[in-house]
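Subject: Structure for you to look at

Hello,

Here is the structure I promised. Please open it first, then read my notes below.

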Amino acid sequence: MSQAPLAAYPALRMRRLRQADWTRRLVRESVLTPSDLIWSMVVHEGEGRIPVGSMPGVERLSVAEAARAAVEARELGIPAIAIFPHIDGARKDAAGSLASDPDGLIARAVKAMKDAAPEVGIMCDVALDPFTDHGHDGLIENGRILNDATVERLVEQGLMQAKAGCDILAPSDMMDGRVAALRAALEAEGLQDAMIMSYAAKYASAFYGPYREAIGSGKLGTGSVDNPGDKKTYQMDSANSAEALREVALDIAEGADMVMVKPGLPYLDIVRQVVDAFAMPTFAFQVSGEYAMIMAAAQNGWLDEERSILESLGAFKRAGAAGVITYFAPRAARLLGS
Ligand code: PBG
């Protein structure tokens with residue numbers, strides 16, 4: 001704030017500009033539109049749509065349903081969809097071997113969605129956790145998550161995604177050096193138009209809980225050598241913000257086109273700091289737990305569902321975000337009357 005207000009009460013009455021809808025619209029500082037939304041979507045290998053219990057209103061979609069959803073996104077004015085795979089537990093292993101399968105669920109979903117609605121951007125998570133039986137984002141050796149060996153696997157996964165037609169690669173693993181490795185590999189393969197949105201400041205968070213059900217994630221262990229208990233050796237400590245700025249600076253230097261802060265609402269201070277510090281297209285992920293909290297309270301009659309959805313999404317715009325990855329995207333786009 002450059003200056004204190006010149007007038008004082010009663011000459012200054014802040015409520016004057018709030019007295020009617022037209023004055024409020026006239027002085028509104030930030031606006032949420034469907035163009036701000038990236039639709040977070042779970043896809044599965046079977047047929048049809050399967051509800052996710054802890055996320056009322058969210059369903060896992062078959063490849064065919066995901067293609068239909070891409071058309072729906074186009075009609076709603078939603079620019080992009082981020083897809084997350086639900087893989088049959090019996091097909092997972094410690095190395096997450098299916099992560100780079102060129103004929104796998106992600107490759108098939110990307111192709112079907114781009115065929116159905118080429119104007120809609122498709123974003124893919126670069127991370128091993130949907131494919132590992134232990135649920136971690138990295139390879140494990142003697143109870144430790146290996147960094148560099150994991151990055152090699154992430155590069156194979158990212159290249160597969162880009163070759164399948166994915167527009168935005170979104171590394172969500174928090175290994176060091178993965179953005180540089182991905183960018184170099186994309187250049188070497190002539191895939192220079194593939195965009196990278198890095199999960200740059202991603203925190204070890206309780207708010208990812210419902211996501212584990214949604215994608216059928218392997219159960220994180222209790223600290224054994226095969227499965228260290230939590231993700232705190234790679235995802236960030238929720239107490240830190242200076243570290244977030246260093247993480248973002250690194251990913252920009254390594255070649256990220258866009259950066260992300262995750263989770264969303266509990267980390268709006270980080271969003272604002274990143275926007276102010278780097279002037280990069282900065283996104284926030286309204287994660288599964290944030291979705292579940294709003295829906296659970298609304299279903300109990302404790303919150304007005306529609307107002308809560310739009311107010312929570314609008315908060316990201318006020319904080320300076322370019323957009324929001326959210327499971328509410330189709331709902332919100334309809335409410336916004338696109
Ligand atoms: C995987 C990944 C996670 C989410 C997106 N990608 C979970 C995690 O890191 O543990 C969370 C999404 C959500 O909660 O909505 N790396």
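Start with R212: one of its polar side-chain atoms lies 3.0 Å from an oxygen atom of the ligand. That is a polar contact, meaning a pair of N or O atoms within 3.5 Å. This is a predicted model, where local features need pLDDT of at least 70 and side-chain atom pairs need 80 or more, while totals for chains, interfaces and linings use all residues. Residues are numbered from 1 along each chain as its sequence is written, and side-chain values use heavy atoms, without hydrogens and water.

K202 also reaches the ligand: an N or O atom of its side chain is 2.5 Å from a ligand oxygen. In K262, a polar side-chain atom lies 3.4 Å from a ligand nitrogen. Taken alone, the ligand exposes 400 Å², and the protein buries 100% of that (Shrake-Rupley method, 1.4 Å probe).

Where does the ligand sit? It sits in the largest cavity (more than half of its atoms lie within 2 Å of the cavity's grid points). A cavity is a set of points, on a 1 Å grid over the protein atoms alone, where a 1.4 Å probe fits but cannot get out; lining residues have an atom within 4 Å of a point.

The largest cavity has a volume of about 130 Å³ (the space filled by probe spheres set on the points). Its lining has 16 residues, with D129, K202, Y208, Y211 and K262 nearest the centre.

The second largest cavity has a volume of about 40 Å³. Among its lining residues are I83, F131 and M160.

Best wishes

Terms used:
A polar contact is a pair of N or O atoms within 3.5 Å; within protein, one must be able to donate a hydrogen and the other to accept it, and residues adjacent in sequence count only if both atoms are side-chain atoms. On a 1 Å grid over the protein atoms alone, a cavity is a set of points where a 1.4 Å probe fits but cannot get out, and a pocket is an open set with protein on both sides within 12 Å along at least five of seven lines; lining residues have an atom within 4 Å of a point.
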